[in-house]
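Open the model in your viewer and keep the selection panel at hand. The tour below goes stop by stop.

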Amino acid sequence: MNPNRSHQPTHHRMAPIARALLLTFLGSGIALTSVSALAQSGAEHTVRQFDVPAGSLDQALSRFGQQAGVQLAVDAQLTAGLSTPGVSGQLSATDALQRLLRGTGLEAVRDSSGEITLRKRPTGPTTLQAVQVSANQLGEITEGTATYSPGAIATATRLVLSPRETPQSISVITRNEMDDFQLTNIDKVMHHTPGISILTYDSERTVYYARGFAINNFQYDGIPMERNSGYSAGNTLSDMAIYDRVEVLKGATGLLTGSGDPGATINLVRKKPTREFQGHASLGAGSWNNYRTEVDLSGPLNAEGTVRGRAVAAYQDRESHLDGYRRKTPVFYAILEADLGTSTLLTVGADYQDNKPTRSTWGGIPIYDTTGNFNKRPRSFNNGATWSSWEQYTRTVFATLEHYFDNDWVVKLQLNHQINGYDAPLGAVGGGNPNPADGSGTRMWVGRYIGKTRADAADFYASGPFELFGRKHELVLGGGASDRRWTNKGDGPQVGYPTSVADYYGWNGRVPEPNWNDPAAWHGQNDETTREKGLYSTVRWNLRDDLKLITGARVSSYDRGSMNESGVVVPYLGVVYDLNGTHSVYASHTGIFKPQSRRDESGKALDPLEGTNLELGLKSAFLGGRLNTSAAIFQLEQDNFAQATGGLTPDGGTAYRAISGVKTKGYELELSGRLDAHWNLHAGYSHSVSRRQGEKVSTLAPANQLSIFATYKPGGEDGHLTLGGGARWQDETWGDVFNPAAGGMVKHTVADYWVVDAMASYRFNKQLTGTLNVSNLLDKKYYTIFNAYSTYTWGEPRSVNVSMKYAF
């Protein structure tokens, strides 16, 4: 929308094998603080191929965890000097673990609080308790793990792999990190995600950048949904009440998404029903009359526990540092799981969110006044009219059907129907440049836009092991199709509606709303359908115990109006080599293919973006997997990269030209997890620079970023107090913007800046916890620019929020 036109599911009941396995993990006082369940838990007689050589027990347990799909954290003093005879062959995970611990004098158990520990084997008999499997075909559930470390994930290849086994960079914001820092919306989550920067268009639109490029590919439980950032419709306003975690897969992701962004894909994974009753209710209040309430209930719906449900409701009513701005956000979510026999799981669900703002801005503040000086306005300045509003909404229904076979194969069908819509009568002072002498020289952007995107998607795949050359490998065969229809109606104001602003410095938004139905005014419509379909396959070749090769490809077709592509092959190649039980090196090659909706000055859509992404890295899993680190270097090469020309399309939109030979180089460092019973930490540093013929492009995203967030519990797990904080830094950015004094475009540079946050929580008892969060603790003044509008937007000042949470 351009203002330049002024007018955790499990598939059956808890099997004894899973109970015994997860209970074999533990001991007196040595807590395993990051606990994962089987990544693909099968029936009670499910077997796996284990190849754990004899030797050090520490290394053997780490390798066992990788092969079984669980994370183990063990006190090194307990296992120091112990060795194991190893285990090899097709065994249940329980039997394999028992063999590993044979002769060590140790056993694994789980206590009543859910912690899993290794301990010295007692002389008397031990009673094992039932536990809940916490993984599924989407990866491991993070809720209740009390850690910032991700478990297994499936976003990259459909294979459920640990981060160390995945040959791409991935950042995960867990449920625990979201709860600690009150990350109640996706903007706040992205602030915590290493390597992600945020560019603000206006009060309702933000765009996320990774490796220098905008992220418009979103997934919901792995089902892709492309966002139209110009006509924003809910994606970047998503409330986090309904999600277990947010995964950000860096680099190209065309293997599963078809058309994919070169920077990253954001996957929001929904909460799942639990086998035991649980729930919470919370109330919060903060700066600028920010009020929020949330209720979350989950548990079995019949005596046998074969039907489980979960319901979440949240409501937020918040004002802002912007004069007159207010947004109301109701959220509802319901999901139902049913065991259809012992090996089949049916899941159905729906979610709903409205975002109802008052006095929305459109664009930002003109960067320069008529004398060429920076047009510094207060952070409270709102360029919107009192009637300006950009309502956005989402409606989703979804269903999955999974069947697990005795030979460890699984088939899964996933269906998703989503509506993202908007109703936006907009008016804002964004055009022109103010004269500092009398406030003249600016004009209003005025227009009304009503539209929505209806998206239907289906994905079906089969996954499981096969044997070749005496080794067991893993295969995924699948296909998907999607149909997205975007409709939009645009209206200009009535003929003669005054858009000039007499005194910009006295602007208060009190102007009459136009008559949008004047037949003589501008009216326009869009009706665009995008159809994608493709077949994909991934094979994880077990070349040696310490060497895995992943090969894959997707054959896609894409149809959007005049853009019609078929038989497009997007390759995937990755290799992971285990240096030892802690460190792995990897390399990957992924293809880039993305048809573009951006148009040139003649109105023609640009050719699809194409290219390659190369990545090399080192990943490590310390403390049995509860602390993960990664270091990666990458290179992206792209053709048909969209670069703004400074001109307009025939319908008044921003015009672009396609340039070839854009090369991006960079590196990323990340650490996440639980150091011990006291510390949780998530930190990262990223560097990337994009150039074409030696000249930098994509400069609105910072070349360097640093983020670090941590919490500390002085009393350990049994302590009541948690203290935390963090900071994010990005270096300078710049873009070419209009300067009236220069009579044309000039380079405008935004200085680097730090933003610091803090939190503290106190657990009064097992049910009641209070939390204090302070954002932008030092009240740093900073802004981002949007060069297509030649405007800037202030970042949010310091804010304080207090909340109380009662757990059932």
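**Stop 1: the nonpolar cores**

Select Trp362, Trp387, Tyr422, Met444, Ile785 and Tyr792: among the 40 residues of the largest nonpolar core, these touch the most other members. Bear in mind that this is a predicted model.

Now color the strands behind this core. At least two of its residues come from each of β12 (206-210), β25 (410-432), β26 (442-468), β46 (783-786) and β47 (791-794). Which strand gives the most to this core? Highlight β25, which contributes 5 residues.

**Stop 2: a charged patch**

Switch to a surface view and select Lys665, Arg691, Lys696 and Lys747. Together these residues form a positive surface patch.

Zoom in on Arg691. Arg691 sits in strand β38, which covers residues 679-692. Is Arg691 buried, partly exposed or exposed? Its relative accessibility is 39%, so arginine 691 counts as partly exposed, since that class lies between the 20% and 50% cut-offs.

**Stop 3: tyrosine 315**

Move to strand β20, residues 307-319, and select tyrosine 315 within it. Tyrosine 315 has 35% relative accessibility, so this residue also counts as partly exposed.

Finish with a distance. Pick the C-alpha atoms of tyrosine 315 and valine 295. The two residues are 20 apart along the chain, and their C-alpha atoms are separated by 9.4 Å.

How values were computed: Residues numbered from 1 in each chain as written. Predicted model: local features only at pLDDT ≥ 70, side-chain atom pairs only at ≥ 80, totals over all residues. Heavy atoms only, no water. Core = buried A, V, L, I, M, F, W, Y, C linked by side-chain atoms within 4.5 Å. Buried < 20%, exposed > 50% of the residue type's maximum accessible area, 1.4 Å probe, protein only. Helix = DSSP H or I, 4+ residues; strand = E, 2+ residues; numbered from the N terminus. Patch = residues over 30% accessible without salt bridge, like charges linked within 9 Å, V, L, I, M, F, W, Y side chains within 5 Å. Areas by Shrake-Rupley, 256 points an atom, 1.4 Å probe, with all protein chains shown as cover. Salt bridge = Lys/Arg side-chain N within 4 Å of Asp/Glu carboxyl O. Lys, Arg positive; Asp, Glu negative; His and termini not counted. Charge placed at Lys NZ, Arg CZ, Asp CG, Glu CD.
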